[in-house]
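Please have the viewer open and follow along.

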Amino acid sequence: MKLIDTKQAVGHVLCHDITQIIPGVTKDARFRKGHVVTEEDIPVLLSIGKKHLYVWEKTEGMLHEDEAAEILWGLCKNDHLIPSEPKEGKIEITAGVDGLLKIDTERLLKVNSVPEMMIATTHSNFPVRKGDKIAGMRVIPLVIEEEKMERAKAAAGDTPLIEIIPYEKKKAAIITTGSEVYSGLIEDKFGPVIRDKLKEYDVEVLGQSIMDDEKQSITAEILKWIDKGANMILCTGGMSVDPDDTTPSAIKDTGAQIVSYGAPVLPGAMFLLAYYGDGIPIMGLPGCVMYAKRTIFDLVLPRVMAGEILDKQSLAKYGHGGLCLSCDVCTFPNCGFGKA
């Protein structure tokens, strides 16, 4: 590209968008890349402060910002990702489905370490809804060496940097334990909370059992619901270390593999995650899930709904970012909770 006096630009091709800003009215491209400047355009260009213009001179080995943005999009391109048209050298990606967003952060760092380009995303392992903006990308200069884009391709590798895993259809059973609830001394407050959270993910709740703190009965009830077709079990109550709290041992007695009893998250430290058989998740939910706005359950549930099998390290990583500040106005997931 070359820089010329605007008054001499008639007949030349613009090599980038020119934005017009009218406060409170508009901020958009007044002239698009590729526009051939006319005599009538000159006063308009001067009125928005463009005394000089860059016009396009195609040079071997150099790429325009829009061409480079398309290459960056190619590093992310995957099912369920919707790109915008290049605008002012930028492409944005929105979610095409509800699901779990996965970002390969290590390879993303490698790409962003290549000079003069960037890809910015929202956080990995978080739920997204269809239409949510999840990423944006561009190169910094108006033109960039093709060699640098080749370096970006090499840094990204052969698989997309971004993935959205659609949620699976789940059938859940809720097992509420506690002699005080079982005997009718207090009303169950756990069930309605859990049902509301499951509704966000279109989970079918097969039913709820209210049990005394009797280990063998709880174990049998879990297995009964699995036999009835439940592929997710949520146990509420009995998750502390008190002698009468038997839920963790009852879950273990089903033969399920315990991933972790405890997680570095507040609220939610007494959370239990186990898998039964070929991957049926069984979660022991601590009492905080009943009254706190957001807890460990809100971090783990979308990953379970996407069919992910979490290990102990997956939970351990929540220690960095695992402290909820219990804000008066909750903006989760648009906050720091659960984000490393």
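Strand E8 (residues 99-103) pairs with E13 in the antiparallel sense over five bridges. In E13, Pro166 is the bridge partner of Gly99. Helices (H or I, at least four residues) and strands (E, at least two) are DSSP runs, numbered from the N terminus, and two strands pair if DSSP finds at least two bridges between them. This is a predicted model, in which local features need pLDDT of at least 70 and side-chain atom pairs count only at pLDDT 80 or more, while totals for chains, interfaces and linings use all residues. Residues are numbered from 1 along each chain as its sequence is written, and side-chain values use heavy atoms, with hydrogens and water left out.

E8 and E13 belong to an open sheet of three strands with the order E10-E8-E13 and antiparallel pairing. Its edge strands are strand E10 (126-128) and strand E13 (162-166), each of which pairs on one side only. Neighbouring strands of this sheet are turned by 40° against each other on average, direction ignored.

Now for the other sheet. What is the order of its six strands? This open sheet runs E15-E14-E16-E19-E18-E17, and its pairing is mixed. Strand E15 (204-211) and strand E17 (257-261) stand at the edges with a single partner strand each, so one side of each is left without a neighbour in the sheet. The twist averages 15° from one strand to the next. As background, strands of a sheet pair through backbone hydrogen bonds, either parallel or antiparallel.

| Strands | Sense | Bridges | A bridge pair |
|---|---|---|---|
| E16 and E19 | parallel | four | Ile233 and Ile282 |
| E17 and E18 | antiparallel | four | Ser260 and Leu273 |

Helix H7 (residues 215-227) packs on this sheet, touching strand E14 (171-177), E15, strand E16 (232-236), E18 and strand E19 (280-285). Contact here means heavy atoms within 4.5 Å. The direction of H7 makes about 165° with that of E15. For such values, axes are lines fitted to C-alpha atoms, for helices over the stretch in contact, and angles run from 0 to 180 degrees between N-to-C directions.

Is E16 buried or exposed? Five of the five residues of E16 are buried, so the strand is largely enclosed by the rest of the structure. Buried means under 20% relative accessible area, exposed over 50%, and partly exposed in between (1.4 Å probe, protein chains only). Met232, Leu234 and Thr236 point one way from E16, while Ile233 and Cys235 point the other way.

The loop between E16 and helix H8 (247-252) holds Thr246. With 14% relative accessibility, Thr246 counts as buried. Leaving aside its neighbours within four places in sequence, Thr246 is in contact with Asp213, Glu214, Lys215, Ile218 and Gly238.

Helix H10 (residues 296-305) lies across E16 and E19, running at about 170° to E19. In H10, 10 of the 10 residues are buried, so this helix is largely enclosed by the rest of the structure. Among the buried residues of H10 are Ile296, Leu299 and Met305. Gly307 follows H10 and has a positive phi, near 85°.

H10 also meets helix H6 (residues 190-199): their axes come within 11 Å and cross at roughly 40°. H6 and H10 are therefore oblique to each other. On this scale, angles under 35 degrees count as roughly parallel, over 145 as roughly antiparallel, 65 to 115 as roughly perpendicular and the rest as oblique. Ile194, Lys197 and Leu198 of H6 make the contact with Phe297, Asp298 and Leu301 of H10. The residues of this contact divide into four nonpolar, no polar and two charged. In that count, Ala, Val, Leu, Ile, Met, Phe, Trp, Tyr, Cys and Pro are nonpolar, Asp, Glu, Lys and Arg are charged, and the others, Gly among them, are polar.

Helix H3 (residues 105-112) and helix H4 (residues 146-156) pack at an angle of about 165°, with their axes 8 Å apart. H3 and H4 are therefore roughly antiparallel to each other. Arg107, Lys110 and Val111 of H3 form the contact with Ala152, Ala155 and Ala156 of H4.
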